[in-house]
Amino acid sequence: MEITLTHYLVLSSVLFAIGLIGVMRRKNLLMLFFATEILLNATNIAFAAISHYIGDLSGQMFAFFIIAIAASEVAIGLGLLIVWYKRTGKIDLDQMNSMRG
Amino acid sequence: MFEAVAFYLFAALTIGMFTITVMTSQALYAITAMAAGMIFISAFFFILGADFLGAIQIIVYTGAVMALYAFGMMFFDTTRNVVEKRTNPQIVFVLGVLAAVMVVAIFVAPIVSNNIEALYPINPTVGNSQAVGMVLFTKYLVPFEVAAVMLLVAMIGGIVLAGKKMDKSLTLMDEEEIAMMQRIHNRHQEKGEH
């Protein structure tokens, strides 16, 4: 019973599917951010697993950069969300229709 | 054997935690379950021998990102239940098909590319942190510096966006008051230039 690369890739895709479900069903923007974090973490697992099984460190490097991108995304996203909340008092996606999209 | 037990245990725990995060209607449950899920994910990194990545995962995600989200939750009104979105079924169908195609691509990719060889093979004589440092500061030095600049920009952006006029609540003012405040602000800026 050996754990292979396929096990990790299956796990990664399952987590990615959970994140996609979250992106599709959430209306609150803060909850939407949680779902994007799940998506990023699922790809991180895949990168680390491929890095281990191929014996190459590049996968871990990409995972580091993904973590950096996730951190800056949270900082900027929460800042924008706070400005929006100060103006309207709501953070629901349905209220953001000022561009008539 | 132990690796298999650890893998299945943490896989079940991670999937359960993230399912709670996505499905619950309580924001507090969602953030707690996600913090737990992040720590469980770092267990996979430790199993895979990526010790440094696991430590970074705990520090950055459960330390920094979760603190930011906790701050956001204190700022927003999260005591009420989160309402779910009624999505268009066609959008759900298209996204589902795209996701299925992507999953197939993910599974086919390692089979197709069997002849991959490591460009930066893991040196067995040094530890993971040392190996990561050697690769990060030679081959990936420029992306590392760019990532540093990106984090600096994100920090400044966060301060400018969130820290501005923290003493006033723009929600409780009406539009005229906001416009008046804007005019006063502009006048001050013009005065400052002369």
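With 18 C-beta neighbours inside 10 Å, A:Y53 counts as partly exposed. This residue of the predicted model is found in helix α2 of chain A.

B:L48 has its place in the loop between α2 and α3 (51-75) of chain B. Is B:L48 buried or exposed? B:L48 has 24 other C-beta atoms within 10 Å, and because 20 or more are required, this residue is classed as buried. Once neighbours within four places in sequence are left aside, B:L48 is in contact with A:A48, A:A49 and A:H52.

**The two chains**

Chain A has an average pLDDT of 86, and 98% of the residues score at least 70. Among the elements of this chain, the lowest mean pLDDT, 87, belongs to α1(A), and the highest, 90, to α2(A).

Chain B contains 7 helices and 0 strands, arranged along the sequence in the pattern α-α-α-α-α-α-α. Of the 194 residues in chain B, 18% are buried. When contacts in this chain between residues at least 6 apart in sequence are considered, 47% of them join residues at least 24 apart.

**The contact between the chains**

Chain A contributes 61 residues to the contact and chain B contributes 67 residues. On the side of chain A that touches chain B, the elements giving two or more residues are α1 (5-25), α2 (29-54) and α3 (58-88). Which element gives the most? It is α3(A), with 23 residues. By class, this side of chain A has 41 nonpolar, 13 polar and 7 charged residues.

| Helix pair | Angle between axes | Axis separation |
|---|---|---|
| α3(A) and α6(B) | about 15 degrees | 8 Å |
| α2(A) and α2(B) | roughly 10 degrees | within 11 Å |

Helix α6 of chain B covers residues 141-163. Because angles under 35 degrees count as roughly parallel, the angle of about 15 degrees places α3(A) and α6(B) in that category. The crossing of α3(A) past α6(B) is left-handed. On the α3(A) side, the residues making the contact include A:F65, A:A68, A:A71, A:S72, A:A75 and A:I76. Those from α6(B) include B:P143, B:A147, B:M150, B:L151 and B:A154, with B:G157 and B:G158 also among them. The class count for this contact is 17 nonpolar, 4 polar and no charged residues.

For the second pair, helix α2 of chain B comprises residues 27-47. The angle of roughly 10 degrees likewise makes α2(A) roughly parallel to α2(B). From α2(A), the contact draws on A:L30, A:M31, A:F34, A:E37, A:N41, A:I45 and A:A48. These meet B:A27, B:A30, B:M34, B:M38, B:I41, B:F44 and B:F45 in α2(B). By class, the contact of α2(A) with α2(B) has 12 nonpolar, 1 polar and 1 charged residues. A:A48, which belongs to this α2(A) set, is also one of the residues in contact with the buried B:L48.

How values were computed:
Residues are numbered from 1 along each chain as its sequence is written. Chains are lettered from A and ligands numbered from 1 in the order in which they are written. This is a predicted model: local features need pLDDT of at least 70, side-chain atom pairs count only at pLDDT 80 or more; totals for chains, interfaces and linings use all residues. Two residues are in contact if their C-beta atoms, placed from the backbone, lie within 7 Å. Helices (H or I, at least four residues) and strands (E, at least two) are DSSP runs, numbered from the N terminus. Ala, Val, Leu, Ile, Met, Phe, Trp, Tyr, Cys and Pro count as nonpolar, Asp, Glu, Lys and Arg as charged, and the others, Gly among them, as polar. pLDDT is the predictor's confidence in each residue, from 0 to 100. Axes are lines fitted to C-alpha atoms, for helices over the stretch in contact, and angles run from 0 to 180 degrees between N-to-C directions. Angles under 35 degrees count as roughly parallel, over 145 as roughly antiparallel, 65 to 115 as roughly perpendicular and the rest as oblique. A crossing is left-handed if the near helix is turned anticlockwise from the far one by less than a right angle, and right-handed if clockwise. A residue is buried if 20 or more other C-beta atoms lie within 10 Å of its own, exposed if 12 or fewer, and partly exposed in between; C-beta atoms are placed from the backbone.
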